[in-house]
Amino acid sequence: MDTPATVETRTADGPVTVIIRRRVKAGREADYEAWLQRLQADARPLPGYLGVTTQRPAAGGPREYVSAVRF
C-alpha cells in the first residue's frame with residue numbers, strides 16, 4: 001500500500017459514515033483484501049453498525065479501493 005489512509009468522519013444527530021480510501025501496490029491486492037475482510041468483521045459488532053460498501057478498482061484503472069462504513 002503506497003498511500004496513507006484517508007479517513008473522514010462527520011458527526012450529526014443521524015448516521016455517521018467513515019470513508020477509507022487506499023491505493024494498493026501492484027501485487028499486494030490479496031493482502032489488502034485480507035485486511036479489508038478483518039476490518040469488516042471487526043466493525044460488525046460495534047454499536048450502531050449499519051453496514052459497509054467497498055468499491056474495488058476498475059480493471060486497467062488506478063488501484064484504488066474506497067470503503068464506506070456506516071454507523
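Colleague: Is Tyr32 buried or exposed?

Modeller: The model is a predicted one, in which local features need pLDDT of at least 70, side-chain atom pairs count only at pLDDT 80 or more, and totals for chains, interfaces and linings use all residues. Residues are numbered from 1 along each chain as its sequence is written, and side-chain values use heavy atoms, with hydrogens and water left out. A residue is called buried under 20% relative accessible area, exposed over 50%, and partly exposed in between (1.4 Å probe, protein chains only). Since the relative accessibility of Tyr32 is 1%, this residue counts as buried.

Colleague: At what angle do the ring planes of Tyr32 and Tyr65 lie, and what is the pair therefore called?

Modeller: Rings of Phe, Tyr and Trp (its six-membered ring) pair if their centres lie within 6.5 Å; planes under 30 degrees apart count as stacked, over 60 as edge-to-face and the rest as tilted. The ring centres of Tyr32 and Tyr65 are 4.6 Å apart with the planes at 50°, so the pair is tilted.

Colleague: Which elements does this pair link?

Modeller: Helices (H or I, at least four residues) and strands (E, at least two) are DSSP runs, numbered from the N terminus. Tyr32 and Tyr65 are 33 residues apart, and their pair links distant parts of the chain. The elements are helix H1 for Tyr32 and, for Tyr65, strand S4 (residues 64–70).

Colleague: Which residues form the cluster of linked ring pairs?

Modeller: Within helix H1 (residues 29–43), Tyr32 and Trp35 are three residues apart and therefore separated by about one helical turn. Trp35 counts as partly exposed because its relative accessibility is 31%. Ring pairs join into a cluster the residues Tyr32, Trp35 and Tyr65.

Colleague: With which strand does S4 pair over seven bridges?

Modeller: Two strands pair if DSSP finds at least two bridges between them. S4 is joined to strand S3 (residues 51–55) by five bridges, in the antiparallel sense. The partner over seven bridges, also antiparallel, is strand S2 (residues 17–23).
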